[in-house]
Amino acid sequence: MTDAAIQPPLSSAPVEPSYEPVQGMRSLRVLARLLDYPTQELQDACGELIEILNAERRLGAALKSSLMDWCQRLHDGDLLELQAEYVAIFDKGRATSLLLFEHVHGESRDRGQAMVDLMAEYSAAGFELDARELPDHLPVFLEYLSLCDEAEIGRWLGEIRHILALLTARLEERGADHALVPLSLLALIGAEGDVEEHRPQVKKEVPDNTPEALDAVWEEEAVRFSATSDEDCALQSAEGRRLAERKHTVQSQPVRIMPAATAHPANR
């Protein structure tokens, strides 16, 4: 970081929960916070987020620098503008949804079962979910992963790597800093290259966050209610069907977190 980087204010509200993960990675909580709706509390805590990211040795220097620069922009930015940008990216259309299973199961019954299964994983680990968010909401999922050991983190990130790669490509296409979060998660398992296969397709996608596209979605709702089966209303897009098919046909492969880089004496 440069000398101009902010310092964490002494009176800022803590972003970290009151408990500390016994094992796992605090940086996953930082990535979760960076996907939250911007608030004054988030801006005030940017100095602390920068410190945690700077200490994370599993991410490359260039990626860490980009994340810390983004934290600086969050701190310095106009809050109303940051909030409007967030709404434009995540609350209009589904292409950049932070609900993981929406990219795979759409609105089908399979999505409900997948969330039940995920909730069972949370409960078994003693992780209690606040009712304000669905279990497949990416920031919530990252909170859970922050309590897991590296083997479990690697397993889960390997399971959703295709979703993370697609989300990265779509956010990059919109010029959103938020693309750095799924890209960082892929980097933790050495899978940044997965994004490349999605970029050509994403460039051809028709934006789903325009007024015309949003109107079309409302018109389709009437069709959904008259569907004769889950299959009729599930996975409306070709991309959704492709991801669902891949999820069911591709066998899980062992994935591990990239080893932490050895700190150079001059950087300690």
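Biologist: Hi! Arginine 256 first: buried or exposed?
Modeller: Arginine 256 is exposed, because its relative accessible area is 57%. Here, buried means under 20% relative accessible area, exposed means over 50%, and partly exposed lies in between, with a 1.4 Å probe and protein chains only.

Biologist: What should I know about the model and its numbering?
Modeller: This is a predicted model, where local features need pLDDT of at least 70 and side-chain atom pairs count only at pLDDT 80 or more, while totals for chains, interfaces and linings use all residues. Residues are numbered from 1 along each chain as its sequence is written, and side-chain values use heavy atoms, with hydrogens and water left out.

Biologist: Thanks! Where is arginine 256, and what does it touch?
Modeller: Arginine 256 is in the segment after helix H15 (238-249). Helices are DSSP runs of H or I with at least four residues, strands are runs of E with at least two, and both are numbered from the N terminus. Not counting residues up to four places away in sequence, arginine 256 touches Leu188 and Ile189; contact means heavy atoms within 4.5 Å.

Biologist: And how far is arginine 256 from glycine 154?
Modeller: In space they are 4.6 Å apart, C-alpha to C-alpha, and in sequence 102 residues apart.

Biologist: Zooming out, how many helices and strands does the chain have?
Modeller: There are 15 helices and 0 strands. The chain has 268 residues, of which 44% count as buried. Looking at contacts between residues at least 6 apart in sequence, 71% join residues at least 24 apart.

Biologist: Which residues touch the most other members of the largest nonpolar core?
Modeller: Leu34, Leu145, Leu157 and Leu185 do, in a core of 65 residues. A nonpolar core is a set of buried Ala, Val, Leu, Ile, Met, Phe, Trp, Tyr and Cys residues joined through side-chain atoms within 4.5 Å. In soluble globular proteins, nonpolar side chains tend to be buried together.

Biologist: What does leucine 157 touch?
Modeller: Leaving out residues up to four places away in sequence, leucine 157 touches Leu145, Leu164, Leu185, Leu188, Ile189 and Ile257.

Biologist: Now the helix pair. At what angle do H10 and H11 pack?
Modeller: H10 (residues 161-173) and H11 pack at about 145°, and their axes are 8 Å apart. The axes are lines fitted to C-alpha atoms, for helices over the stretch in contact, and angles run from 0 to 180 degrees between N-to-C directions.

Biologist: Which residues make that contact?
Modeller: On H10 they are Arg161, Leu164, Ala165, Leu167, Thr168, Leu171 and Glu172, and on H11 they are Pro182, Leu183, Leu185 and Leu186. By class that gives 8 nonpolar, 1 polar and 2 charged residues. Ala, Val, Leu, Ile, Met, Phe, Trp, Tyr, Cys and Pro count as nonpolar, Asp, Glu, Lys and Arg as charged, and the others, Gly among them, as polar.

Biologist: Threonine 168, then: why does it count as buried?
Modeller: Threonine 168 counts as buried because its relative accessibility is 0%. It is in helix H10 and, not counting residues up to four places away in sequence, threonine 168 touches Ala179, Pro182, Leu183, Leu186 and Val195.

Biologist: Where does aspartate 194 sit?
Modeller: Aspartate 194 is in the loop between helix H11 (180-188) and helix H12 (199-204). Its relative accessible area is 16%, so aspartate 194 is buried. Leaving aside neighbours within four places in sequence, aspartate 194 is in contact with Arg161 and Ala165.

Biologist: Changing topic, how many disulfides are there?
Modeller: The structure holds 0 disulfides, a disulfide being a pair of cysteine sulfur atoms within 2.5 Å. For cysteine 46, the nearest cysteine sulfur is that of cysteine 71, 5.3 Å away. Cysteine 46 is buried at 0% relative accessibility, and cysteine 71 is buried with a relative accessible area of 0%.

Biologist: Last one: which helix holds leucine 42, and what is it in contact with?
Modeller: Leucine 42 is in helix H2 (residues 40-44), and it is buried, with a relative accessible area of 8%. Apart from neighbours within four places in sequence, leucine 42 is in contact with Arg33, Asp36 and Leu49. Arginine 33 is in helix H1 (residues 26-34) and is buried, with a relative accessible area of 14%.
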